[in-house]
Amino acid sequence: MTDFAGKVVIVTGASTGLGRQTALRFAEAGAHLVLADIETVSGEETAHAVSAAGGEVVFVRTDVSRNADVEHMVSEAVRKFGRLDCAFNNAGIAQRGRPVAELPEEEWDRAIGVNLKGVWLCLKHECAQMLKQGGGAIVNTSSIMGVVSGPGLSAYSASKSGVLGLTRSVALDYATAGIRVNAVCPGGIANTAITNRADVQDAMESLKMATPMGRLGEPDDIASAVMWLCSPASRFVTGQALTVDGGFTAW
Ligand SMILES: NC(=O)c1ccc[n+]([C@@H]2O[C@H](COP(=O)([O-])OP(=O)(O)OC[C@H]3O[C@@H](n4cnc5c(N)ncnc54)[C@H](O)[C@@H]3O)[C@@H](O)[C@H]2O)c1
C-alpha cells in the first residue's frame with residue numbers, strides 16, 4: 001500500500017459511498033483527512049470511523065455548489081493541518097431518468113450545479129492553495145456516463161462529460177506547476193447511497209448483466225484507483241480519465 005503518512009487529503013461527498021470508503025483507505029495509509037459533505041450526521045459518523053482507522057480528521061459541512069462553502073473547506077484544511085496535498089472531488093447527485101423534453105429546468109440546474117460547478121469550485125480553491133505550496137494531486141469523479149451515455153440522463157451525462165473537459169483543461173493550466181489533475185470514471189458500483197435506492201435496483205441489475213466481469217464494482221475498487229492517481233506511482237499521469245468499470249465501456 002502507498003504510504004500517505006502526514007499527507008493532507010480533502011474528500012468531498014465523504015459521508016457515504018465512494019467518498020467514505022476512499023477516506024477510510026487514505027486514513028489507513030496514514031493521511032490526515034478533511035471530510036466535506038452537505039450531510040452532517042453521516043459526515044460526523046464517517047469522521048468517527050476515520051478516526052478509529054487511525055487518521056486525524058476534520059469534518060467540514062460543505063455544499064460544493066456554493067463558492068463560500070468551498071473556499072471555507074480549503075481554508076479549514078490549511079487552518080487545521082497547514083497544507084493540502086491531495087483532493088478527491090467526488091460529491092455528486094444522480095438524476096431521475098427521464099427524456100429531455102420532460103426534464104424540469106431546476107433538475108438540470110441542480111445536476112450541473114453540484115456535479116460540474118461543484119468540481120470547478122473545488123479545483124479553483126484547491127489549486128490556489130497547491131500553487132502556494134508547489135504542487136499536489138487532484139482526482140475528480142466523473143462516470144462511465146461521462147464517457148458513453150444512456151437515455152434519460154441528459155443532465156447527469158452532460159455534467160459528467162463536463163468534468164472530463166474540466167479535468168483536461170485544469171491539468172494543462174498547472175502541468176508545469178507540480179499539480180496533477182485526473183478523473184476517475186466509475187461503472188456501476190454497489191453499496192453506495194445512490195445505488196442502494198430501491199427504485200434503481202432494476203437499472204443496477206441491467207448494468208451488472210452488461211458488465212463483462214459479471215459483477216458490479218465495490219467502493220473499494222474506486223478507492224484503489226483514486227489512491228494510485230494521488231500517489232507518486234502515477235507521477236507522469238495528468239489530464240487523464242481512468243475508467244473503472246469491469247470492462248463495460250470496452251464493448
Ligand atoms: N455508485 C455508482 O454506481 C457511481 C457510478 C458512477 C459515478 N458515480 C459518482 O460517484 C460519486 C459518489 O457517488 P456514490 O455512488 O458514492 O453516492 P453517494 O450518494 O453514496 O455519495 C454522494 C455523496 O455526495 C454528497 N453530496 C450530494 N450533494 C452534495 C453537495 N451539494 N455538496 C456536498 N456533498 C454533496 C452526498 O451527501 C453523499 O454523501 C458521485 O459523483 C456519483 O455521480 C457513482
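This briefing describes the sheet, the ligand surroundings and several individual residues of one protein structure. The model is predicted. An open sheet of seven strands runs through the description, with parallel pairing and the order 3-2-1-4-5-6-7.

- The seven strands of the open sheet pair in parallel, and their order is 3-2-1-4-5-6-7.
- Strand 3 (57-61) and strand 7 (241-244) stand at the edges of this sheet; each has a single partner strand, so one side of each is left without a neighbour in the sheet.
- On average, and with direction ignored, neighbouring strands of the sheet are turned by 15 degrees against each other.
- Strand 1 (residues 8-12) and strand 2 (residues 32-37) run parallel and are joined by five bridges.
- Within this pair, I10 stands opposite V34, which belongs to strand 2.

**Strand 5 and its partner**

- Strand 4 (residues 86-89) pairs with strand 5 in the parallel sense, over four bridges.
- C86 has A137 of strand 5 as its bridge partner.
- In a regular strand, side chains alternate between the two faces of the sheet.
- In strand 5, G136, I138 and N140 point one way, whereas A137, V139 and T141 point the other way.
- Residues of both groups are buried.
- Because six of the six residues of strand 5 (residues 136-141) are buried, the strand is largely enclosed by the rest of the structure.

**The ligand and its shell**

- The side chain of D37 has an N or O atom 2.6 Å from an oxygen atom of the ligand.
- For the side chain of Y156, the distance from an N or O atom to an oxygen atom of the ligand is 2.7 Å.
- On its own, the ligand has 820 Å² of accessible area, of which the protein covers 92%.

**The loop between strand 6 and helix 6**

- N191 is placed in the loop between strand 6 (179-186) and helix 6 (201-209).
- Most residues other than glycine have a negative phi.
- N191 has a positive phi, near 60 degrees, and is a residue other than glycine.
- The relative accessible area of N191 is 45%, so this residue counts as partly exposed.
- G188 lies in the loop between strand 6 and helix 6.
- With a relative accessible area of 13%, G188 falls under the 20% limit and is therefore buried.
- G188 and S206 are 18 residues apart along the chain, and their C-alpha atoms are separated by 9.8 Å.

- H125 is located in helix 4 (residues 105-133).
- H125 has a relative accessible area of 13%, and so is buried.
- The side chains of H125 and N67 are joined by a polar contact of 2.7 Å.

Definitions and conventions. Residues are numbered from 1 along each chain as its sequence is written. This is a predicted model: local features need pLDDT of at least 70, side-chain atom pairs count only at pLDDT 80 or more; totals for chains, interfaces and linings use all residues. Side-chain values use heavy atoms; hydrogens and water are left out. A polar contact is a pair of N or O atoms within 3.5 Å; within protein, one must be able to donate a hydrogen and the other to accept it, and residues adjacent in sequence count only if both atoms are side-chain atoms. Accessible areas come from the Shrake-Rupley method with a 1.4 Å probe; for residues, only the protein chains shown count as cover. Helices (H or I, at least four residues) and strands (E, at least two) are DSSP runs, numbered from the N terminus. Buried means under 20% relative accessible area, exposed over 50%, partly exposed in between (1.4 Å probe, protein chains only). Two strands pair if DSSP finds at least two bridges between them. Axes are lines fitted to C-alpha atoms, for helices over the stretch in contact, and angles run from 0 to 180 degrees between N-to-C directions.
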